[in-house]
Amino acid sequence: MKHIIVAGAGIVGLSVSKTLLDRGYRVTLLDANQPGSGTSSGNAGLIANYATTPLANPDSLRSMLMEIIRSKRALSVDPRYLPELTGFGRAFLQAIGNGPFTENKRTLVELVTRGTQLQHRLLENLGSNELYQTKGCLQIYRQDPNIAPRLAELAAAKQRDGVRCEALSREALLELEPGLNPQGLEGGLWYPDTWSLRHPRQLCTQLHEQLLGQGLDYQPLSADTVKQVDDRILVRAGARELVADTVVLCAGMGNQQLLAPLGVRLPVVSERGYHLMLDDKDLVLNRPVGWLAHYFYATPMDNGIRIAGTTQFARPAAPAAQDRYRHMQGWAERLFGRPVAVTSRWMGVRHSTPDSLPVIGSLPGNERVLLAFGHGHLGMTLAAITGRLVADCLAGHRPDALAMALSPKRFL
């Protein structure tokens, strides 16, 4: 029985561990923090079947440049982080070109389509319907009187990607979500097949408990170094040195520290997201609602309504931007047309690539080191298919076009 070490116990590391255990591997999972307690717990809770367009496209670039100069920004760049964004920025601009964008979009459509199906299956197999809901999600447009004729075009574009999507008028939106502020509401898009989570942290906790029952060896340790020696891998974690056949690095931005001694630097950067939890006593929300002009979703969860999203490129350990919380509260009050009560605040670190595709596969020159990170906003959506791709790689399956498109070789 081959022994695999998985470094990182977020939703991706847990899903990788699940697939490997299902296929008969012996698995040791390392993380000094409680499983699922990081970014996997603080996201918007969406299984984003609609996310079929890479962020590296001309429209997104124009929107980002306009957003950066606003006084109340949903997207910002910490100047102290600029040197670390150089390689990312070059690769982002390359990915915008017609040829690369077309290929990346084709890959992303397949990845999200297959990934959504596998993630639904993972949720169903946990046997707890209280973890998620299947009421779809909405994306709304406000103060944009020219949006109405474009909504049908936007919906048709998603339909061509194989995503069920409907353009809705202002009145139709308010029928689905009567608690929204009608002032300035112009219309929106409805994705009826989108699933969302009632409690992302609880999902990770239940999955971890299931894995322990399958024989998972969980060690509350952080991987400090990895080293390939002949046909084995050595992982130093604190005072311990663990030996295995292969290590799978699912530690998000922590992967960069593990890869540095191997002479590897990938253009995966820290894209920090924020959330507020709102007391929902006086608020009505039936399903997630995205206000993409401000880069966030409002999602009804078990402990209130979560306002989650926005983007800040900054070092992972940099202090949270306090003004971001104030801006998000103001946007939430405009979304609902009334004051809101904030019960908690949170900031977490996404790990994002310039082409909007995760890095999954073996590391050239260190074939016993596999990578599984760079999921950006789609970690909760693509966790299960990441596990499938990692397991196929370990089994020596001939890589298909999808696996080759996600390989770290594309950046090396």
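Helices (H or I, at least four residues) and strands (E, at least two) are DSSP runs, numbered from the N terminus, and two strands pair if DSSP finds at least two bridges between them. Strand 12 (residues 232-237) and strand 13 run antiparallel and are joined by 5 bridges; valine 235 has leucine 242 in strand 13 as its bridge partner.

Strand 21 (residues 366-373) has two partners described here. Strand 14 (residues 246-249) runs parallel to strand 21 and is joined to it by 3 bridges, with valine 247 opposite valine 369. Strand 20 (residues 359-363) runs antiparallel to strand 21, with 5 bridges between them, and serine 362 stands opposite leucine 370. The hairpin of strand 20 and strand 21 has 2 residues between the strands, and glycine 365 in this hairpin takes a positive phi near 85°.

Helix 4 (residues 86-96) packs against helix 5 (residues 98-125) at an angle of about 85°, with the axes 5 Å apart. Axes are lines fitted to C-alpha atoms, for helices over the stretch in contact, and angles run from 0 to 180 degrees between N-to-C directions. Helix 4 is therefore roughly perpendicular to helix 5, a class covering 65 to 115 degrees (under 35 is roughly parallel, over 145 roughly antiparallel, the rest oblique). Gln94, Ala95 and Ile96 of helix 4 make the contact with Asn98, Pro100, Phe101 and Asn104 of helix 5, contact meaning heavy atoms within 4.5 Å.

Most residues other than glycine have a negative phi. Glutamine 143, in the loop between strand 6 (137-142) and helix 6 (148-160), has a positive phi near 50°. Glutamine 143 counts as partly exposed because its relative accessibility is 49%. Threonine 310, in strand 18 (residues 304-313), has a positive phi of about 65°. Threonine 310 counts as buried because its relative accessibility is 1%.

Residues are numbered from 1 along each chain as its sequence is written, and side-chain values use heavy atoms, leaving out hydrogens and water. Local features of this predicted model need pLDDT of at least 70, side-chain atom pairs count only at pLDDT 80 or more, and totals for chains, interfaces and linings use all residues.

Notes:
Buried < 20%, exposed > 50% of the residue type's maximum accessible area, 1.4 Å probe, protein only.
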